[in-house]
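Reader: I am new to this structure. Could you show it to me and then take my questions about the words used for it?

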Amino acid sequence: GTEPAAGGSLPCMPALPLLGSLPWLLGELPPHLLFTQLARRYGSLFALHLGPHYTVVVNSHQHAREVLLQRGKDFAGRPSTVSSDLLTRGGKDIAFSDYTPLWRLHRRLVHNSFTLFGEGSSRLQDIVLSAVEGLCAELLSGEPSGFDPSPAVTRAVTNVVCTLVFSATYCHGDAELQEVMRYNDGIVETIAGGGLVDIYPWMKVFPNKSLSKLKDCITIRDRLLSRKLDEHKASLSDGDPRDLLDALLKGKTDRVPSQTSSGSEETITDDHVLMTAAEAFGAGVETTSTTLLWILAYLLHHPEVQERVQKELDEHVGGDRAVCVSDRARLPYLDCVINEGMRIRPVSPVLIPHTARTDSSIGGHAVRRGTRVLVNMWSIHHDPQHWDKPDLFNPDRFLDDRGQRATPPSFLPFGAGPRVCVGESLARLELFLFLSSLLQRMSFRQPRGAAPPDLQGRLGVVLQPLPYQVVVLPRASWGAGGGDSP
Ligand code: HEM
Ligand code: PLO
C-alpha cells in the first residue's frame with residue numbers, strides 16, 4: 001500500500017487511506033524524536049502521510065538550507081489548520097498566514113516596526129533593562145530554600161512585550177498583567193494540552209471542552225487588545241510611533257493591487273493589526289521565557305559554565321553598572337552559552353510546517369505543489385556528523401581555534417529565508433540583557449537535596465523544561481563599588 005513519492009523516489013513510510021502513516025507512528029515519542037528515529041531507518045530525507053497530508057521530513061542542514069534558503073520562496077507556504085485559523089482569524093497574522101502579496105506587505109511592515117525600536121534607538125534596551133530590574137528584585141526576594149523561577153521570568157518577558165506592543169508598563173501584581181498572563185496560559189494549555197492538537201499537522205481532533213476554553217481565552221485576548229487599539233487610534237499623532245501598535249496603524253495605509261478581476265485593493269485591516277499584536281505576545285513570551293529557563297536549567301547542571309560567564313562579566317563589565325547592548329562584543333562566552341542553549345533545546349524543534357507553493361525539489365527529488373514540509377531542527381542540532389557529542393552541553397563548540405565566535409552551518413535556531421523568525425534580533429537582545437544582568441547580580445544553585453532539573457522537556461506549543469527549583473544567592477561584587485546603581 002505504499003504510494004510513490006510525488007514524481008521521485010523519496011523513501012516513504014507505508015500509508016493507509018485517510019489514516020495515512022499514523023498507524024505506524026503510534027507510540028510515546030514526540031514528533032521531533034520520532035522523526036529523528038525514522039531518519040535512521042529511512043534516511044535523512046523521507047516522506048510520510050500525516051492523515052491525508054503527504055509530508056516530507058527534512059533532517060539535515062543541507063536539505064534545510066534548500067527548503068528555507070535556496071528554494072525558500074517555493075516552500076514559504078503554510079497549511080491552514082483549525083486552531084491556527086481560530087487563533088488568527090483565518091491567517092491575518094504573520095506566522096500562520098499563507099504566502100500572499102498581502103502577507104509580504106504585512107511581514108515587511110512588522111519587520112520595519114521592530115527595526116525602528118531595535119537597532120535604531122535605545123528604547124528597546126531601556127524597556128528590557130527596566131524589566132530586568134523587576135526580575136532581579138523578584139528573584140532575589142524568592143524563598144531562600146528554593147523556588148520555581150518560571151513565573152517571575154514569564155512576568156518579566158511579558159512586561160517587555162506589553163511595553164513594546166502598547167506602551168504599558170506594569171508593576172508586580174497588576175491586574176491587567178495578570179489577565180494577559182492568564183489568557184496566554186489558557187491558550188498555550190488548550191492548544192497543547194488536548195494531547196495531539198492540530199496547530200501542527202500530526203495533531204488529531206480537538207476535544208470539545210478544550211475548544212470552548214480556547215475560544216474563551218481568545219475572546220478575552222481580543223477584548224483587551226481591541227481596547228488598546230481604540231485608545232491608540234484616539235491618541236495617534238504625527239510624531240514618532242510610541243510602540244508597535246502605533247507603527248502598524250501608521251503603516252497600514254500601504255496597499256497591494258488585488259490579484260482578482262474585481263479590481264479592489266487589499267489592505268492591512270484592523271484585524272491584521274490586532275492579530276499581529278496578539279502574535280507578538282504569544283511568540284515573544286513563550287519562546288524567550290522558555291529559552292531562558294532552559295539555559296538556567298543547564299547552568300544548574302554545569303556550575304563551571306556559570307562561573308566562567310560570571311568571570312567574563314566581572315572582567316569586562318564589573319559590578320558597578322548595568323550591562324548594556326554595547327557590552328555584547330566583549331562577552332563572547334555568554335553568546336556561546338546562549339547559542340548552545342538554543343542548539344541543545346530548540347524551543348521550536350520542527351519549526352512551523354511549510355508547504356510547497358509550486359512544484360519544486362529537495363535533494364534532487366521532485367516535490368509536488370501542496371506538499372507539506374517539516375524541517376526537523378532537533379535532528380539538525382543533534383546531528384553526530386556535525387556535532388561532537390551532540391547531547392553534551394558544551395558552549396565552547398561555538399568558539400573557533402582562536403577563541404573567536406563561530407557559527408556552525410548546522411545551527412539554525414530561528415530558521416532562515418523568507419519565513420525566518422521576525423523577532424530574532426529582539427529575542428537575541430532580550431536573551432543577552434536578561435542573562436548578563438542576572439548572572440552579574442546573582443548565582444543560581446540547586447536546592448540542597450533536590451534532584452537536578454529534568455532535561456527531557458515536554459513538547460507543547462514550544463519545547464519546555466519541566467518545572468524545577470532554584471536557590472538564588474546575591475553576588476557580593478554587585479554594587480559593591482558604590483556606583484550609581486541602586
Ligand atoms: C517564527 C524561533 C522569538 C516572532 C519562528 C520560527 C522559529 C522561531 C524557529 C519558525 C521559522 C520557520 O517556520 O521556518 C524563535 C526563537 C525565539 C523566537 C528560538 C527566541 C529565543 C520570537 C520573538 C518574536 C517572534 C521574540 C516576536 C516578538 C515570530 C514570528 C514568526 C516566527 C511572527 C513567524 C514568521 C513567519 O512565518 O514568517 N521563530 N523565535 N519570535 N517568530 Fe520567532
Ligand atoms: C503561543 C500562545 C499564544 O497565545 C499564541 C501564539 C502565537 C504565536 C506562536 C506561539 C503561540 C507559540 C510559538 C510560535 C509562535 C509563532 C512563532 C513561534 C509558534 C501559539 C515559534 C517558536 O515558532
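Predicted model: local features only at pLDDT ≥ 70, side-chain atom pairs only at ≥ 80, totals over all residues.

Reader: How do you know how many helices and strands the protein chain has?

Author: DSSP runs decide: helices are H or I runs of at least four residues, strands are E runs of at least two, and both are numbered from the N terminus. By that count the protein chain has 14 helices and 12 strands.

Reader: Why is Cys421 called partly exposed?

Author: A residue is buried if 20 or more other C-beta atoms lie within 10 Å of its own, exposed if 12 or fewer, and partly exposed in between, with C-beta atoms placed from the backbone. Cys421 has 19 C-beta neighbours inside 10 Å, so it counts as partly exposed. Pro408 has 15 other C-beta atoms within 10 Å, so that residue is partly exposed as well. For the protein chain of 486 residues, 44% count as buried.

Reader: Where is Cys421 found, and what annotation covers it?

Author: Cys421 sits in the loop between α13 (377-381) and α14 (424-441). Pro408 is found in the loop between α13 and α14. The UniProt record, an unreviewed entry, puts the annotation "binding site" on Cys421. UniProt positions are given in the numbering used here, feature names are shortened, and annotations may be inferred rather than shown by experiment.

Reader: What makes two residues a contact, and which ones does Cys421 touch?

Author: Their C-beta atoms, placed from the backbone, must lie within 7 Å. Leaving aside neighbours within four places in sequence, Cys421 is in contact with Phe414 and Gly415. Across the protein chain, take the contacts with a separation of 6 or more: residues 24 or more positions apart account for 72% of them.

Reader: Which residues come nearest to ligand 1?

Author: A residue is near a molecule or strand if its C-beta atom, placed from the backbone, lies within 6 Å of it. There are 24 residues around ligand 1, and Ala95, Gly284, Gly415, Cys421 and Gly423 come nearest. Two or more residues each come from α10 (270-301) and α14. The largest share, 7 residues, is from α10.

Reader: What makes up the shell around ligand 1 by class?

Author: Ala, Val, Leu, Ile, Met, Phe, Trp, Tyr, Cys and Pro count as nonpolar, Asp, Glu, Lys and Arg as charged, and the others, Gly among them, as polar. The shell around ligand 1 has 14 nonpolar, 7 polar and 3 charged residues.

Reader: Which residues come nearest to ligand 2?

Author: Of 15 residues around ligand 2, Ala95, Ile187, Gly282, Ala283 and Ser348 come nearest. Here α7 (175-193) and α10 give two or more residues. The largest share is again from α10, with 5 residues. By class, the shell around ligand 2 has 9 nonpolar, 4 polar and 2 charged residues.

Reader: How do you know that strands pair, and how do β1 and β2 run?

Author: DSSP must find at least two bridges between two strands. Strand β1 (residues 45-50) and β2 have 6 bridges, in the antiparallel sense. His49 stands opposite Tyr54 in β2. Strand β2 (residues 53-58) also runs parallel to β8, joined by 4 bridges. There, Thr55 has Arg372 of β8 as its bridge partner.

Reader: Why is β2 called largely enclosed?

Author: Of its 6 residues, 5 are buried, so β2 is largely enclosed by the rest of the structure. Strand β8 (residues 372-375) is covered on both faces: Arg372 and Leu374 on one side, and Val373 and Val375 on the other, are all buried.

Reader: What makes a nonpolar core?

Author: It is a set of buried Ala, Val, Leu, Ile, Met, Phe, Trp, Tyr and Cys residues joined through C-beta atoms within 7 Å. The largest one has 87 residues, and Val161, Val165, Ala277, Ile295 and Leu435 touch the most other members. The most residues, 18, come from α10. Apart from this core lies another, of 33 residues, among them Val56, Ala64, Leu351 and Leu412.

Note on methods:
Residues numbered from 1 in each chain as written. Chains lettered and ligands numbered in written order.
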